[in-house]
Amino acid sequence: ANLISYPLSECGDIEDVLSGDAQDCLHAIAGEGQSALNIETGWAGALTALCPDKGYWFYNLCEDIEFTYNEPTSLARQMELSPSPYPYNQSSKQAFYFIESVENIDIGDWILSFNGETVIGAREWQGSTIDVPAMGDDGTDFTEGYMQAGKIPSLKLLKDGKLIDLEGDIPAFENNQLYMVSSLTEAIPLPEAFSLDRA
């Protein structure tokens, strides 16, 4: 991953400001609380545009890459993110979990990431692959109780005001990483007690 600034005066869509050759060499781009993953159908995730005075982590597939930004030709298509129903703080340590599908999810539902009982990220479902952030503990008071390297966050679906535990193949948190999670299903709660009676 390489941290690269965006020097142009106007925001530009990723597809417009990066040449095809540069896009072919990029696996993903991560910004502050948003990221984009280069998949077969184009860029997926909440990060849709690069903007002035911001830096981005470029994850490249090629050994070496040289590029210049193209001047934006039109207004950037920026995704307006709804505020999380469970607030959390931005951390200098973060990872993104790209979720492709979730059992029984509808547009407008939320996927939240937790470390124990602490919310460390959230993203509203828009109907296709999204990037759910998971913030890490960077040693400040603002991120106390957030993820530590090697620990696995728990993911929950917020549907109709109810939190539902989700399960799937969720990788352990490492700073500045992007993970694909193909599917999540509702966790089946285990009974806490049982009893046997005569017929």
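Predicted model: local features only at pLDDT ≥ 70, side-chain atom pairs only at ≥ 80, totals over all residues.
Me: Is strand 10 (residues 118-124) largely enclosed or largely open, and how many of its seven residues are buried?

Reply: A residue is called buried when its relative accessible area is under 20%. By that cut-off strand 10 is largely enclosed by the rest of the structure, because the number of buried residues among its seven is six.

Me: Which residues is I111 in contact with, leaving aside its neighbours within four places in sequence?

Reply: Contact is taken as heavy atoms within 4.5 Å, and the neighbours within four places in sequence are left aside. On that basis, the residues in contact with I111 are I99, V102, I105, G121, A122, R123, W125, I130, V132 and K156.

Me: In strand 7, what is the bridge partner of I29?

Reply: Strand 3 (residues 26-30) is mostly covered, with four of its five residues buried. Four bridges connect strand 3 to strand 7 (residues 55-60), and these two strands run antiparallel. In strand 7, the bridge partner of I29 is F58.

Me: Which residue in the turn of the hairpin formed by strand 3 and strand 4 has a positive phi?

Reply: Strand 3 also pairs with strand 4 (residues 35-39), in the antiparallel sense and over three bridges, and the partner of A28 in strand 4 is L37. Four residues separate the two strands of this hairpin, and the residue in its turn with a positive phi, of about 75 degrees, is G33.

Me: Is D53 buried or exposed?

Reply: D53 lies in the loop between strand 6 (49-50) and strand 7, and its phi is positive, about 60 degrees, although it is not a glycine. Most residues other than glycine have a negative phi. Exposed means over 50% relative accessible area, and because D53 has a relative accessibility of 79%, it counts as exposed.

Me: N104 has what relative accessibility?

Reply: N104 is found in the loop between strand 8 and strand 9 (110-115). Although it is not a glycine, N104 has a positive phi of about 60 degrees. N104 counts as partly exposed, because its relative accessibility is 49%.

Me: Which residues does F67 touch, not counting those up to four places away in sequence?

Reply: F67 lies in the loop between strand 7 and strand 8 and is partly exposed, with a relative accessible area of 25%. The C-alpha atoms of F67 and K156 are separated by 40 Å, the two residues being 89 residues apart along the chain. With residues up to four places away not counted, F67 touches I4, L18, A22 and F58.

Me: How many Å apart do the centres of the positive and negative side chains lie?

Reply: The protein has 9 positive and 33 negative side chains. The C-alpha atoms of the protein fill a box of roughly 80 × 35 × 30 Å along the principal axes. Within the protein, the distance between the centres of the two sets of charges is 12 Å.

How values were computed:
Residues numbered from 1 in each chain as written. Heavy atoms only, no water. Lys, Arg positive; Asp, Glu negative; His and termini not counted. Charge placed at Lys NZ, Arg CZ, Asp CG, Glu CD. Buried < 20%, exposed > 50% of the residue type's maximum accessible area, 1.4 Å probe, protein only. Pairing = 2+ DSSP bridges.
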